[in-house]
Amino acid sequence: MAGKTTNEIVKVKIADLAVKKGEGTLVTIGLGSCVGVSLYDGIAKVGGLAHVLLSDSTQFSNQKKEQNPAKFADTALPLLVKKMEQQGGQKSRLKAKIAGGSKLFGKNSNIIGVGEKNIQMTRQTLEQMGIPVLAEDVGGDYGRTMKVDVYTGDVTISTVGRGEKKL
Amino acid sequence: MDHEESRVNQARMDMLKELANIGVGNAATSLSQMLEEARVDMEVPEVKLEELQEVPEHLGDPESAVGGVYFEAQSTEEDINLVCLFVLPLDSVKYLILKLLPGWASDASDIDVSADMGEMEISMLREVGNIVAGGYLSALSFITGLTFLPSPPQLAVDMSGAIVGAVIAETRLVDDKLILLKTTIHSAQHSIEGNVLILPDEGSLERIFKLMGVE
Amino acid sequence: MTGGLKLGKTVLITDDTAFMRMTLKNILEKNGYEVVGEAEDGKQAIDLYEQQKPALVTMDITMPNVDGLTAIKEIMKKDPEAKIIVVSAMGQKSLVIDALNAGAKDFVVKPFQPDRIEEALQKLQG
């Protein structure tokens, strides 16, 4: 139904994820070292967006408590896929676009930052799940906001002072 | 009772509030001296056990551009580590530049605040952050009896959400709820406002409570 | 050596922040001192002290590479007569004690009024 938009905006917060079907926008603000992962099924028009904070849940598996899976790249993405399947998305049709993983602080150090680890684990997890990455806007030393148009699958990345980009 | 919530009782929150109180008091005094202003006011410190997802919103609109000064601090005697973030809205950054670097610009409209600011402006903001840090670390030292040393401060000018997210990631905290120590300072005469967020890492918080005598 | 150099009134400024070095330089020059070197960390301070042999040193504590306390100890080792004033945002008691024990002659906590620096300078001249 081209031209019909509800303009409903679903906000995805840090260490969080959400799925939307049909139309509307998924948005996550403030990707610093975090990585935003958009998964999209263009046939069923199901969009999913995750805002991942850390890379590896297994580093914390000795904790007594259950970890929030949305926090880590390795657990957030399978969970996102599952939720998309519940709304009619099919894993085999999913395409990914990713953004973020910057180094806002510690720019002068050579130590691999959280951001870089997040990017690597995200790519690795997507590859393991057989989901291709169509586009990325990652790295650098600045923050990003990521918006997914659920009707078209278009992703818009905006920044402070560096303009906008479409993925 | 949830594991996290049982650790956080009234006595502990009160001690943290006192820590925040002394810290922000020191910071306000320092700022009033630097700005040569008669009054720099502080709001009642907020100490809260907050959901991780809600933390960025606590420091203002996550999409708004701010200046953030970040540093880590460690005790020289015990295994206590924390990260701290001092956040200033851009208007406040401009005011600091006008006031502390006189002659750098004729008025606020001349000033371009961005990640590409000049060396001296960046340096000045880092120093303000350093001084504010000194105030909080003195407070922590006073309460725990330990000495705390900070890393050299770093500055980022970017959207608030991204800065806060980056700092949260650095804490290596595993909880889904974080204890937030948030203090706000206002200069009475001008619109300078700053928020300070302090996040001790997991084990450190327990050690701090022990030293404060609140188990 | 430059012309206009006054005996006993040369200073080496040490601080990792350009803003603070500028602030201190202004105050010192106003008081008739000549800044003969600016160090950004403890290592530079040690090297510049050797080269310039300033009458006075201002030293920050929190700096990358080599910190202020280490630099104080090194400089005092080479020159027990060295006159070092600490200028730091860290006013915790144990740090002040450590600095003074290491050989610093005074400890100024940031932020400071210019006259606090002047006071410290006068103390050393006496």
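Let me begin with Leu85(B): leaving aside its neighbours within four places in sequence, Leu85(B) is in contact with Gly68(B), Tyr70(B), Ile163(B), Val164(B), Val167(B) and Leu197(B). By contact I mean that the C-beta atoms of two residues, placed from the backbone, lie within 7 Å. This is a predicted model, in which local features need pLDDT of at least 70 and side-chain atom pairs count only at pLDDT 80 or more, whereas totals for chains, interfaces and linings use all residues. Residues are numbered from 1 along each chain as its sequence is written, while chains are lettered from A and ligands numbered from 1 in the order in which they are written.

Leu85(B) leads us to the core. The largest nonpolar core has 146 residues, and those with the most contacts inside it are Cys84(B), Leu85(B), Tyr136(B) and Ile163(B). Such a core is a set of buried Ala, Val, Leu, Ile, Met, Phe, Trp, Tyr and Cys residues joined through C-beta atoms within 7 Å. A residue is buried if 20 or more other C-beta atoms lie within 10 Å of its own, exposed if 12 or fewer, and partly exposed in between, with C-beta atoms placed from the backbone. Helix H5 of chain B, residues 119-144, supplies the largest share of this core, ten residues. Helices (H or I, at least four residues) and strands (E, at least two) are DSSP runs, numbered from the N terminus.

Ala133(B) has its place in that helix, H5 of chain B. Is Ala133(B) buried or exposed? Ala133(B) is buried, because 28 other C-beta atoms lie within 10 Å. Beyond its neighbours within four places in sequence, Ala133(B) is in contact with Phe71(B), Cys84(B), Pro150(B), Pro153(B) and Ala89(C). Met159(B), by contrast, is 26 residues from Ala133(B) in sequence and 22 Å away in space, C-alpha to C-alpha.

H5(B) also packs against another helix. The axes of helix H4 of chain B, residues 90-100, and H5(B) come within 10 Å and cross at roughly 100°. Axes are lines fitted to C-alpha atoms, for helices over the stretch in contact, and angles run from 0 to 180 degrees between N-to-C directions. H4(B) and H5(B) are therefore roughly perpendicular to each other, a term covering 65 to 115 degrees, with angles under 35 roughly parallel, over 145 roughly antiparallel and the rest oblique. Val93(B), Leu96(B), Ile97(B) and Leu100(B) of H4(B) make the contact with Glu121(B), Met124(B), Leu125(B) and Val128(B) of H5(B). These residues divide into seven nonpolar, no polar and one charged. Here Ala, Val, Leu, Ile, Met, Phe, Trp, Tyr, Cys and Pro count as nonpolar, Asp, Glu, Lys and Arg as charged, and the others, Gly among them, as polar.

I turn to the interfaces. In chain B, 26 residues are in contact with 27 residues of chain A. Which element gives the largest share of the side of chain B that touches chain A? That element is H6(B), with ten residues. This side comprises 15 nonpolar, seven polar and four charged residues. On the other interface, 16 residues of chain C are in contact with 20 residues of chain B. H1(C) gives the most to the side of chain C that touches chain B, with three residues.

Finally, in chain C, five strands form an open sheet in the order E2-E1-E3-E4-E5, with parallel pairing; two strands pair if DSSP finds at least two bridges between them. Strand E4 of chain C, residues 84-88, pairs with E5(C) over four bridges.
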